[in-house]
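Good morning, and thank you for joining.

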Amino acid sequence: MTDLSRPTPPGALPDKRQVAASFSRAAASYDSVAALQRAVGSNLLEQLPEGLQPSRWLDLGSGTGHFSRALAESFPQASGVAVDIAEGMLCHARNEQGGALYHVAGDAERLPLRDASVDLVFTSLAVQWCDQFTSVLAEALRVLRPGGVLAFSSLCVGTLDELRASWQAVDGLVHVNRFRRFEDYQRLCAASGFEQLGLQRCPHVLHYPDVRSLTHELKALGAHNLNPGRPSGLTGRARMQGLLQAYEAFRQPEGLPATYQVVYGLLRKPQA
Ligand SMILES: C[S@@+](CC[C@H](N)C(=O)[O-])C[C@H]1O[C@@H](n2cnc3c(N)ncnc32)[C@H](O)[C@@H]1O
């Protein structure tokens with residue numbers, strides 16, 4: 001995940017093979033800790049244009065298939081394709097009842113689908129893992145039929161800032177994934193060739209009793225820090241103690257807050 005507000009030095013991005021391996025490993029634990037992901041994906045489903053009747057939908061970055069099953073229920077006449085970069089996630093989704101008809105391993109930046117082959121691209125909390133959001137938009141535009149809809153949710157700058165700031169107080173290493181600025185989502189969507197139906201940023205704040213609950217959850221989701229520059233090996237006791245102390249400065253009556261700045265986008269491919 002790249003914060004495009006700063007130029008990215010070569011090799012500063014998470015390696016896609018590592019992203020795929022991390023999510024594959026997390027397939028079994030993901031659903032038990034995915035409360036935020038459920039809430040965000042449900043919000044995104046609710047934002048789909050009224051009267052939309054796709055004959056084929058794509059769930060991109062489909063994970064364990066929760067939203068493929070929701071799409072199949074919403075559009076019983078349609079057939080669905082689930083694409084994910086993590087084989088482990090696809091295996092998990094294939095073993096569940098309902099959902100997509102096809103499960104295909106692939107990259108959002110180079111979709112393994114024909115031009116103008118789907119009417120809806122639904123992608124929830126996956127594209128923040130893509131270095132080139134321009135390529136994601138271009139690929140969605142390519143595979144959508146004229147009039148088709150891209151609905152996406154993602155994360156932007158401001159996400160997990162409490163954890164980032166707490167680590168900053170301990171050392172200067174990269175402990176937290178980087179995110180694009182909201183302004184970059186605005187700029188890239190405006191230049192994408194899509195008609196914009198909606199683009200907004202909403203904060204979601206989760207609370208944890210302690211820092212370990214948050215870091216364990218990120219690991220169980222497969223969404224922990226994968227950036228080059230991250231510290232290798234286990235975190236020493238003194239540094240962990242420093243982190244716990246620094247995070248306490250953020251404590252609220254509900255617990256330790258973790259802020260997610262969620263971006264919701266709704267775009268339509270022009271008819272002509
Ligand atoms: C946080 S999970 C979200 C899963 C699901 N959409 C949900 O909301 O529960 C992110 C998913 O995106 C997938 N992913 C990450 N990078 C991807 C890429 N470049 N192309 C396709 N899928 C990707 C991961 O393997 C993972 O399954």
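By class, how many residues in the shell around the ligand are nonpolar, polar and charged? The shell has twelve nonpolar, five polar and three charged residues; here Ala, Val, Leu, Ile, Met, Phe, Trp, Tyr, Cys and Pro count as nonpolar, Asp, Glu, Lys and Arg as charged, and the others, Gly among them, as polar.

Please note that this is a predicted model, in which local features need pLDDT of at least 70 and side-chain atom pairs count only at pLDDT 80 or more, while totals for chains, interfaces and linings use all residues. Residues are numbered from 1 along each chain as its sequence is written, and side-chain values use heavy atoms, with hydrogens and water left out.

Around the ligand are 20 residues, of which Gly61, Asp84, Asp107, Ala108 and Ser124 come nearest (near means a heavy atom within 4 Å). The side chain of Asp84 places an N or O atom 2.6 Å from a ligand oxygen. A nitrogen atom of the ligand lies 2.9 Å from an N or O atom in the side chain of Asp107, and a backbone N or O atom of Ala108 is 2.9 Å from a ligand nitrogen. The protein covers 98% of the 600 Å² of accessible area that the ligand has on its own (Shrake-Rupley method, 1.4 Å probe).

Turning to the fold, buried residues make up 52% of the 272 in the protein, buried meaning under 20% relative accessible area with a 1.4 Å probe, protein chains only.

Definitions and conventions: A polar contact is a pair of N or O atoms within 3.5 Å; within protein, one must be able to donate a hydrogen and the other to accept it, and residues adjacent in sequence count only if both atoms are side-chain atoms. Buried means under 20% relative accessible area, exposed over 50%, partly exposed in between (1.4 Å probe, protein chains only).
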